[in-house]
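Have a look at the model below and take your time turning it around.

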Amino acid sequence: MALIFFFKNLLSLILPIIILFSLLTLSFQSQPHNQHHHYPYFRTRRRIIQQQPSTPTTPFRLEPSRAYGEWQLLQKSIGVSAMHMQLLHNNKVVIFDRTDFGPSNLSLPPGICRSNDEILNPDCTAHSLLYDVSSNTFRPLFVHTDVWCSSGALIPNGTLVQTGGYHAGDHRIRLFTPCDHENCDWVELNQNLTFPRWYSSTQILPDGRVIIVGGRRSFNYEFFPKNLFSLIEVFDLPFLYETTDYREENNLYPFLHLLPDGNLFIFANRRSILLDYVSNRVLRRFPPIPGAKRSYPSTGSSVLLPLRLSGWNETVSPEVEVMVCGGAAGGSFLKATAKIFLPASKSCGRLKLSDPEPRWVMEIMPMGRIMPDMLLLPTGDVIIINGASKGTAGWERAVDPVLHPVLYVPTQPDLRMRFRVLNPTRIPRMYHSAATLLPDGRILVGGSNPHVVYNFTEVRYPTELSLEAFLPPYLAPKNDHLRPYISLVDEVALSYGQEFSIAFTLELVGVHGGLTVTMINPSFTTHSSAMNQRLLVLDVVDVEQWSPFDYNVTVYAPPKPAIAPPGYYMVFVVHAGIPSHCVWTKIS
């Protein structure tokens with residue numbers, strides 16, 4: 001009797017498992033599959049998708065009035081206000097502020113001080129640091145000269161080339177090369193820039209060089225490294241002079257976007273051009289964007305919308321579209337000096353550069369915003385974060401912080417549903433704040449110092465030394481069952497046009513809601529400009545199912561350097577609008 005009772009209980013335990021396994025087996029056998037003998041641990045691989053649509057899908061269709069997303073306080077103080085940010089391929093972020101205001105709240109190691117400071121001599125505090133994303137820790141870095149309002153780009157080997165700054169730093173070139181130990185630090189080159197670069201912009205080029213454009217009273221551009229076979233080191237760009245407003249400028253930190261034809265889109269103030277930087281020729285002038293001024297100090301922000309590479313060939317280029325949002329009316333800067341703060345612009349403009357006759361198509365944000373940061377998300381959507389609703393950029397020249405990020409879905413056909421207001425932070429992020437995308441899909445947010453020096457008391461908007469992360473809706477736990485988990489990439493060093501595969505798992509059986517693979521290079525972010533930012537939606541060749549929860553997606557790498565300049569990229573698998581953690585790849 002005891003033996004019968006034992007087997008009866010055992011059968012009651014294993015019977016549901018047998019039934020579940022049978023149902024899964026039947027569901028798989030009902031689909032066509034091919035035999036592949038080079039995967040001996042599975043009987044079959046099931047090809048489930050011949051060609052995926054290249055447009056990222058987003059499952060969230062909530063009312064614009066409903067807020068969502070989550071904020072995390074990572075560090076109450078990192079000792080430095082995060083004016084500039086750059087994510088590196090070893091999952092660390094270089095952060096730095098200006099150096100000419102006195103001490104920061106982060107000490108350098110004992111015995112290390114700067115002796116060339118304009119305000120404090122010696123200065124034994126750090127004005128730069130390295131933040132480790134995985135451990136949520138940081139260490140001080142030693143920056144030699146003033147990096148205030150400078151620019152930067154990652155060159156193909158992953159080194160950050162940082163250019164310009166203020167006074168003793170305005171001609172300087174600095175390098176930061178990632179390392180796996182604690183000894184890497186800033187290196188300042190003996191080579192100088194030809195012109196001072198304060199409020200300039202940079203863009204990595206298809207040949208791996210960096211172009212540096214503009215800066216205060218620098219109406220020209222130059223390259224790093226310089227062309228050793230040319231006698232010309234700097235090239236005039238009258239467009240920058242033409243877009244300068246009297247007493248306000250409104251053309252600093254011009255927006256730069258490298259286009260698939262290899263030419264450079266440049267936007268300043270309200271105007272834009274297409275520049276052939278090789279021959280120093282303006283190929284095209286585009287219509288002015290309607291409404292407000294968009295460049296510093298009437299600071300808006302800009303992105304190159306995702307380049308979708310499905311079906312791309314030498315005769316068919318991807319659709320190319322630029323988006324510019326926010327800004328301020330002309331005269332706002334002067335009025336803000338007199339403590340009259342005009343409302344920021346609520347408008348965004350989209351310019352489809354691949355059209356025969358491009359024209360701005362305008363849309364309205366849920367709220368006006370000056371000094372926004374616009375970042376591309378792995379899904380292909382855009383997040384608009386940070387800034388204020390009145391005034392302009394500059395010390396003490398803005399009020400009423402905008403605490404709510406906004407999600408923008410560029411592929412949403414219903415214009416009323418493109419913008420979604422997200423959950424607010426409690427920390428104002430105004431002048432001299434920054435944000436950047438992290439490998440896990442979070443947004444790192446820091447900085448905000450609208451004062452000449454660090455000021456924590458008796459002011460309306462104190463200097464911010466904290467570091468936050470914003471978790472977009474796709475990181476909500478309720479979406480974990482849809483989230484892909486990348487287990488293997490067969491090639492991390494890619495060639496242009498190469499076919500490569502990514503193995504991933506899903507907690508659910510079956511792919512639901514579409515699958516895409518996106519590729520993002522990390523941006524250098526400061527003053528609402530995410531320099532070098534671009535997102536590529538890769539051409540999917542095939543998706544196969546290896547087991548109930550294991551899949552393999554095969555894609556083509558970008559076809560040429562003008563579409564993806566050489567260097568490190570984050571690659572995400574996006575399932576039903578929910579992205580994986582990235583894997584890093586290098587294309588050359």
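Which residues does arginine 429 touch, not counting residues up to four places away in sequence? The list is Asn386, Gly387, Val445, Gly446, Gly447, Ser448, Glu464, Ser466, Leu467 and Glu468. Keep in mind that this is a predicted model. Arginine 429 sits in the loop between strand S29 (419-421) and strand S30 (433-437). Is arginine 429 buried or exposed? Its relative accessible area is 2%, and the cut-off for buried is under 20%, so arginine 429 counts as buried.

**The whole chain**

Now zoom out. The protein chain has three helices and 44 strands. Of its 588 residues, 60% are buried. If you take the contacts between residues at least 6 apart in sequence, 63% of them join residues at least 24 apart. As for the surface, the protein chain exposes about 23,400 Å², and 58% of that comes from carbon and sulfur atoms.

**A strand with two partners**

Next, find strand S16 (residues 264-268). How many of its five residues are buried? The count is five of five. In a regular strand, side chains alternate between the two faces of the sheet. You can follow that here: Leu264, Ile266 and Ala268 are on one side of S16, Phe265 and Phe267 are on the other, and all of them are buried.

S16 pairs with strand S15 (residues 255-258) and with strand S17 (residues 271-276). Here are those two pairings alongside one from the sheet we'll visit next:

| Strands | Sense | Bridges | Residues opposite each other |
|---|---|---|---|
| S15 and S16 | antiparallel | four | histidine 257 and phenylalanine 265 |
| S16 and S17 | antiparallel | five | isoleucine 266 and isoleucine 273 |

**An open sheet**

What is the order of the four strands in the open sheet? Reading across, you get S19-S21-S22-S23, with antiparallel pairing. Strand S19 (300-304) and strand S23 (360-364) are the edge strands, each pairing on one side only. From one strand to the next, the twist averages 20°.

**The nonpolar cores**

In soluble globular proteins, nonpolar side chains tend to be buried together. In this model, the largest nonpolar core has 65 residues, and Val93, Ile95, Tyr131 and Ile443 are those with the most contacts inside it. Take isoleucine 95 as an example: leaving aside neighbours within four places in sequence, it is in contact with Ile78, Ala82, His84, Met85, His127, Ser128, Leu129, Tyr131 and Leu467. Apart from this core lies another one, of 41 residues, including Leu307, Leu353, Val489 and Val540.

Terms used
Residues numbered from 1 in each chain as written. Predicted model: local features only at pLDDT ≥ 70, side-chain atom pairs only at ≥ 80, totals over all residues. Heavy atoms only, no water. Pairing = 2+ DSSP bridges. Axes fitted to C-alpha atoms, helices over the stretch in contact; angles between N-to-C directions. Buried < 20%, exposed > 50% of the residue type's maximum accessible area, 1.4 Å probe, protein only. Contact = heavy atoms within 4.5 Å. Core = buried A, V, L, I, M, F, W, Y, C linked by side-chain atoms within 4.5 Å. Areas by Shrake-Rupley, 256 points an atom, 1.4 Å probe, with all protein chains shown as cover.
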